[in-house]
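Visitor: I would like to learn how to read the packing of helices in a model. Could we take one case and go through it step by step?

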Amino acid sequence: MKIECQINGEARSFEADPEMPLLWALRDLLGLPGAKYGCGISACGTCTVHLDGAPVRSCVVPVATVAGKRITTIEGLGGEHPVQQAWIELQVPQCGYCQCGQVMQAAALLARNPSPSREQVREGMTGVLCRCGTYPRIEAAVLRAAELSRAKESQS
Ligand code: FES
Ligand code: FES
């Protein structure tokens with residue numbers, strides 16, 4: 001089936017089996033390997049992307065359901081996003097495997113709530129697993145990203 005959607009701000013059109021997970025379409029058909037495969041059953045969050053602004057586990061989203069929708073992958077954050085800046089500043093990753101999912105979950109959280117409490121960060125980041133246990137740095141980096149976003153806003 002032909003799928004038409006918007007990915008990282010660009011109109012894209014491609015042929016895919018309607019049941020193909022969005023994750024495979026992004027990685028194998030569209031040249032966007034940022035989202036990673038971890039479990040394939042919506043249990044780890046490493047495949048997280050945004051669908052119309054909300055974080056979704058792309059390993060369980062049939063590609064047919066994204067027709068006409070807006071997808072953002074980590075490639076679409078552009079490198080200067082406050083979450084990415086905070087991640088670098090606080091040297092969050094260890095092995096790095098889960099981190100694209102962590103960053104996408106954090107970016108969606110801050111888009112929804114620009115000034116989260118520590119508790120809200122903890123709650124909002126639940127479900128994206130890190131086997132290296134970088135959770136304390138992730139929490140600190142989300143709070144730092146919120147500060148950076150607010151500083152950016154006040155300058156503009
Ligand atoms: S690979 Fe999608 S949630 Fe684990
Ligand atoms: S940094 Fe290794 S799994 Fe998270």
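Guide: Start with a pair. The axes of helix 2 and helix 5 come within 8 Å and cross at roughly 130°. Axes here are lines fitted to C-alpha atoms, for helices over the stretch in contact, with angles from 0 to 180 degrees between N-to-C directions. Helices are DSSP runs (H or I, at least four residues), numbered from the N terminus. The model is predicted: local features need pLDDT of at least 70 and side-chain atom pairs pLDDT 80 or more, while totals for chains, interfaces and linings use all residues. Residues are numbered from 1 along each chain as its sequence is written, and side-chain values use heavy atoms, leaving out hydrogens and water.

Visitor: Which class of angle do helix 2 and helix 5 fall into?

Guide: Angles under 35 degrees count as roughly parallel, over 145 as roughly antiparallel, 65 to 115 as roughly perpendicular, and the rest as oblique. Helix 2 and helix 5 are therefore oblique to each other.

Visitor: Which residues of helix 2 and helix 5 meet?

Guide: Contact means heavy atoms within 4.5 Å. On the helix 2 side are Pro82, Val83, Gln85, Ala86, Trp87 and Glu89; they meet Ile138, Ala141, Val142, Arg144, Ala145, Leu148, Ser149 and Lys152 of helix 5. By class, this contact of helix 2 with helix 5 has 9 nonpolar, 2 polar and 3 charged residues. Ala, Val, Leu, Ile, Met, Phe, Trp, Tyr, Cys and Pro count as nonpolar, Asp, Glu, Lys and Arg as charged, and the others, Gly among them, as polar.

Visitor: At what angle do helix 3 and helix 5 cross?

Guide: The axes of helix 3 (residues 99-112) and helix 5 (residues 135-155) cross at roughly 40° and come within 11 Å. That makes helix 3 oblique to helix 5. Gln102, Ala106 and Leu110 of helix 3 make the contact with Ile138, Val142, Ala145 and Ala146 of helix 5. Those residues divide into 6 nonpolar, 1 polar and no charged.

Visitor: Which residues of helix 5 are buried?

Guide: Buried means under 20% relative accessible area, exposed over 50%, and partly exposed in between (1.4 Å probe, protein chains only). In helix 5 the buried residues are Ile138, Glu139, Ala141, Val142, Leu143, Ala145, Ala146 and Leu148. Their cover includes helix 2 (82-89), helix 3 and helix 4 (118-124).

Visitor: What is glutamate 139 in contact with?

Guide: Glutamate 139 has a relative accessible area of 12%. Apart from neighbours within four places in sequence, glutamate 139 is in contact with Arg118, Val121 and Arg122.

Visitor: Is glutamine 155 buried or exposed?

Guide: Glutamine 155, also in helix 5, is exposed, at 71%.

Key: Chains are lettered from A and ligands numbered from 1 in the order in which they are written. Helices (H or I, at least four residues) and strands (E, at least two) are DSSP runs, numbered from the N terminus.
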